[in-house]
Every structure is written in structure tokens, then in C-alpha cells.
Amino acid sequence: MTSMPVSERLGSDIKRAEQALNATKTAVLKPAGLTIAQYGALLYCAAKPGISAAALARLCGVTPPTMNTVLKNLQERDLIVRTPHEWHKNVLETRLTDAGRAVLADADARAVRVERALAAEFTDQERAALTGLLARCVRVLEEQRPAGP
């Protein structure tokens, strides 16, 4: 027996919500030919042309090696181009191609429908409260994380 009942563990509820969101987004992005990580990379490339792989990895919440795989796949499909930075030749800047912009437009319309359906379940006040509560969760969890080496 454990010292805390499963019904009191908020982490389980947060995880279930995250899994449901990811499963739904995975399903709606499939016809656009993208994974969630690929969609996120294209979305941030559109917002921040010339972004590095390291910055994309941080924004998308994946490891740098994972992001490099994502970018390699997107580049093979001619959805992005990667060129050396003007001053830092070892840094590759990532930009969308015209094909990438077209795929992103389709994928984003699909993802936005999910986000709007989710948001529509809450009043403005409830959405603000939920956002605040989730921010508090992040803060507390980050405070509980042991310091790295």
C-alpha cells in the first residue's frame, strides 16, 4: 500500500489530460503528414525565421538529438531549409520553404480546431483560472526538481 491514494494524485490527472491532447493532435495532424514535434518545429520556424535547432528543441520540449531528427525529416521533404548563420558558421538557421508554409497552414487549421474546441469548454474566467493553476503547477514542480550536476 502507498502513502497517498491514487485519487489524490494530481499528476495522474495532468498526465491524462496531456495524453488526451497529444492523442487528439496526433490524429488530426496525421492527414497533414506531420507529427506533433514536426508541427511544433514548423510553427516556431514560421514565428522565428532563422531559428536554430537548439532553440527549436527548447521551445518544443524535446532533446536536441530528437530535434535534429525532426529537422532532417522536414528537410528531406523540402519543408524547411537550413543554412549556415552569417557569423556563426557552425549554427544552422532554419526557415520554411513555400511547401513548408503550405503544409503548416493545413496542419495549423487542424490543430487550431482542437485548441478552439478545448477553449470553448471553459468561460473566459475558467480559462484564466486554469492557466493560472497550471502555471502554479509548473512553478511548484520546478521548485521540487533536484538541482543538476
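Start by selecting Asp106 and Arg110: their side chains meet in a salt bridge, 3.1 Å from N to O. Here a salt bridge means a side-chain nitrogen of Lys or Arg within 4 Å of a carboxyl oxygen of Asp or Glu. Keep in mind that this is a predicted model, where local features need pLDDT of at least 70, side-chain atom pairs count only at pLDDT 80 or more, and totals for chains, interfaces and linings use all residues. Residues are numbered from 1 along each chain as its sequence is written, and side-chain values use heavy atoms, with hydrogens and water left out.

Asp106 and Arg110 both sit in helix H5, four residues apart, about one turn of the helix. (Helices are DSSP runs of H or I with at least four residues, strands are runs of E with at least two, and both are numbered from the N terminus.) Asp106 has 32% relative accessibility, so it counts as partly exposed; Arg110, at 21%, is partly exposed too. The cut-offs are under 20% relative accessible area for buried, over 50% for exposed, and partly exposed in between, using a 1.4 Å probe and protein chains only.

Stay on H5 and select Asp98 and Arg101. This is another salt bridge, with the closest N and O atoms 2.6 Å apart. The two residues are three apart in H5, about one turn of the helix. Asp98 counts as exposed at 61% relative accessibility, while Arg101 is partly exposed at 44%.

Next, select the whole of H5, residues 98-120. How far apart are its end C-alpha atoms? They are 32 Å apart, which agrees with the 33 Å that 23 residues should span at 1.5 Å a residue; the expected span is 1.5 Å times one less than the number of residues.

Then turn to the buried side of the story. Colour Gly100, Val103, Leu104, Ala107, Ala111 and Val114, the buried residues of H5. What do they pack against? Their partners are helix H1 (10-29), helix H2 (36-47) and strand E2 (92-96), where contact means heavy atoms within 4.5 Å.

Glu18 is partly exposed at 40% relative accessibility, and Lys15 is partly exposed at 42%.

To finish, zoom out: a search of the whole structure finds nine salt bridges.
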